Amino acid sequence: MAAKKIYPTWFVTGALLFYVVLFFLPGIMGIGYSFTDWNAYSPEVNFVGLENYKNIFYANSNYGTFIKNTFVFTLVSSISKTTLGIALAMLLTSKKIWGKNVHRMLIFLPQVMSFLIIGLVFKNLFHPSRGFINITLNAIGFDFLAQNWLGDLDFAFKSVLAVDAWKGSGYVMMVVIAGLNAISPTYYEAASIDGASFIEKFKYITLPLLKPVIMNVTVLNITYGFRVFDLVYSLTNGGPGNATGVINTAVYSEFSKGNYAMGTTLSSLLFIFIMSISYFILKVMNRGEVEQ
Amino acid sequence: MKKNKQVLKKSKLLQKAAICMAAAIAIGSLSGCGSSQGEENVKDAEAKRVTLTFGSHQSGLPSCGVVQELAKQYEEKTGVKVDFQISPDAQWRDLLKVKLDSGEAPDIFCVDADPLSLYARIRPDENVVDLSGEEFVGRMADYAKECVTYDGKVYGIRFAEPKLNFYNYNKKIFAELNLKPPTTYEEFKEVCQTIKDAGITPIFEATQSAWHQAVPLCVTGGYYERLEPGLYDALNNNEKDIKDVDMMVTVLEQMNEFAELGFYGEDYLSNTAESDKTEFGEGRVAMTIASQGFGSSIAENYPEMEGNVGIFLIPFGDSNVLGINASSAAYFINSKSEHVEEALEFFRFLAQPDNLQYRQDNNPEEMGLCWPEITPEYPAEINEYINSLDAETVLQVGVKYIDPQFMDIGKDIEAMYTGAMTPEQIMENISQRRAEQAKLQKDEAWE
């Protein structure tokens, strides 16, 4: 097996060194600080054991809501973007669609835009009386659909998720298109001869062959979902109240209050969540590859 | 053969280009050696290219742009440009703290400063240039100096007088509906109901700015103190828990009742504070919380509002005490800035008597400055009304650990309006956040 390797193992040393120094070590140091009372008001750093973690889980605080919101965001955002991305990719690889490249470019475009700009633009679009969305809905007689998109507890988080799906599905679409183009048309021709329907072809040919692509996209979506900050910050700043707050908005808030230890505690928690889930997904992926 | 000729031509061209460049470099170096005047010119040009970054929140600078105008005049005079970086009110406090901690703060930054919260906000001894030795410091009013002083050193420059908040009302709407400015909560409710029935939004509210909805609760602090003399001291010494201040709960309940009755209109959860001028000026709302200069500030864009804006005390809880907020936006110089001297020069420029007068004359929002040498220009009617009121310091200036959580209180009130929190839960949160801050700052009263 070793003889088949093209590059020697030490080639990875440089990248590994950067990774360890710039990513892994700060992460471990952060976990260390989460057991202290590190703050902006005192040069002393004292060991406080699990007190910060207890405050997250036992104190009368909003941290529970933030953790729940982060999980919900990650789950819904990953599913919606992946589903939408695959559907768009299928549509834009179909021979029946005209101007595919233009469509692809337009759908991918939001991906390269800044979260802050998107947040500010959508904040205006969502305004209940002056926003483009409600004005349009009222103008075409769908006024019953007009909502207080960012001010209503029932819609604020859904609106954030909708903007996220709009921004991120173009990226998934491009990756899936690359995956679809790599599937040999002979499979579909053979299936057609056997009389397979569109759904059967999708289920038995497209999906299994896209599995590695979907798995990669899922890992990226999940790690992004856990780390989400910019979009929530610029659209709702965690409001109304704390209804749309996520772990990273809480981290930001704790750092700005000077409570660095609590900030690092929440970051450490996030680090552990991401590491565990990514490890689990990668494990499943590797097992699939071996089976193949 | 053809190829060889082309190669020869190319090499000749290259030779000529090389000779020209060498000559240019030689001439350049000769002229460089010959004149120190030239060097000075280069240095001057470099100095002129200095750009000072000036970070502020939206309400930290007058919306009429007078500070930016003065900065342009300063640039014309010195060549030093001032680049204003303005952030939304709801984000500035957190953003600045993060920037200060990460060493990325602008050269000059604007902060609402008062003696109790100055340290928590900017930790002046570590982050700010000491201005105590500057000539202009001696000319600032004493109350203004106190707000920017830490450990005996003056760290900031400010211009505004103490902040006063009133409900500014549209006199025309009140006259048409035969209404008088209310003095009690019940009267206030009736006034709002009448205005709402007439199809006008009674009160402008803007929860997106976070601070806006916290104003009625906190500026009524003087009234809480009057009801329970010694309350501020008891709260500061941790002898009383803030969640036990009954009148604060009452005020929150009344504010919530207003939201439920629809007195803030339909868009208040999506509004930002800056749109108050448009909403009020165009007659869509009848009242808004603002300073006494609000009427003059909108008269330029809405001439029909000239003399059409009156003020009355915030009547939640039947309050009859005017809250005085000595804190105000002040400017500070980042001690880690590479352009401290230029920033100091800019402050000296702003503090020149003619520029102070220019600021007052061109800023309808500020009819007075915290510089005794400049005579205030309040209309007699407003002066008389303010002088007739009993006044006391607002909660966020008189009580520790309120101001650092002002935006959090605003977010809690927003949550109350959406039904996600009760007034009691808000008070519990305020108490808890005070305890957290006290613990972080190792306050002996909490140990």
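Author: Two residues are in contact if their C-beta atoms, placed from the backbone, lie within 7 Å. In chain B, 78% of the contacts with a separation of 6 or more are between residues 24 or more positions apart. This is a predicted model, in which local features need pLDDT of at least 70 and side-chain atom pairs count only at pLDDT 80 or more, while totals for chains, interfaces and linings use all residues. Residues are numbered from 1 along each chain as its sequence is written, and chains are lettered from A and ligands numbered from 1 in the order in which they are written.

Reader: Thanks! How many helices and strands does chain B have?

Author: Helices (H or I, at least four residues) and strands (E, at least two) are DSSP runs, numbered from the N terminus. Chain B has 21 helices and 14 strands.

Reader: What is the strand order in the open sheet of chain B?

Author: Two strands pair if DSSP finds at least two bridges between them. Here the order is β9-β10-β8-β11 in chain B, an open sheet of 4 strands with mixed pairing. Its edge strands are β9 (201-204) and β11 of chain B, each pairing on one side only. Strand β8 (residues 166-170) of chain B runs antiparallel to β11(B), joined by 4 bridges, and B:Asn170 has B:Val309 as its bridge partner there. Another 4 bridges join β8(B) to the antiparallel β10 (residues 285-290) of chain B, where B:Ala290 stands opposite B:Phe166.

Reader: At what angle do α13(B) and α21(B) pack?

Author: Axes are lines fitted to C-alpha atoms, for helices over the stretch in contact, and angles run from 0 to 180 degrees between N-to-C directions. Helix α13 (residues 246-260) and helix α21 (residues 423-440), both of chain B, pack at about 130 degrees with their axes 9 Å apart. That makes α13(B) oblique to α21(B); angles under 35 degrees count as roughly parallel, over 145 as roughly antiparallel, 65 to 115 as roughly perpendicular and the rest as oblique. Among the residues that meet are B:Leu252 in α13(B) and B:Ile426 in α21(B).
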